[in-house]
Amino acid sequence: MAKAKKQETNSKPRVRISFLSALLILVGADLVLLFAPAVGLLNSMFYIGDMISWSALVIGIVLLVLGFKGLYRKG
């Protein structure tokens, strides 16, 4: 009978996704999609001031950047 091959160890470390970073990405994407000036979903239905639209857009982009920055961890 032939011998079974020995299992090789996985050389790549396991990648883990941070829950908080994924949540930041979702919240940031929602802010961008809802409040984007002239194309956002809420701006197309209701009148929302420019100050609120632009500030929500900037906050959403910052949350997206922070979320993608810490999304993957080695584990």
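Along the sequence, the pattern of the protein is β-α-α-α-β. That makes three helices and two strands, where helices (H or I, at least four residues) and strands (E, at least two) are DSSP runs numbered from the N terminus. This is a predicted model, in which local features need pLDDT of at least 70, side-chain atom pairs count only at pLDDT 80 or more, and totals for chains, interfaces and linings use all residues. Residues are numbered from 1 along each chain as its sequence is written, and side-chain values use heavy atoms, with hydrogens and water left out.

Now the overall dimensions. The C-alpha trace spans about 75 × 20 × 15 Å along its principal axes. Of the 75 residues, 23% count as buried, meaning under 20% relative accessible area, with exposed over 50% and partly exposed in between (1.4 Å probe, protein chains only).

Next, the helix pair. How do α1 and α3 run relative to each other? Helix α3 covers residues 50-69, and α1 packs on α3 at about 155°, the axes being 7 Å apart. Axes are lines fitted to C-alpha atoms, for helices over the stretch in contact, and angles run from 0 to 180 degrees between N-to-C directions. The two helices are therefore roughly antiparallel, the word for angles over 145 degrees; under 35 is roughly parallel, 65 to 115 roughly perpendicular and the rest oblique.

Last, the loop. Ala38 sits between α1 (19-35) and α2 (41-45). Ala38 has a positive phi of about 70° although it is not a glycine. Most residues other than glycine have a negative phi. Ala38 counts as exposed because its relative accessibility is 78%.
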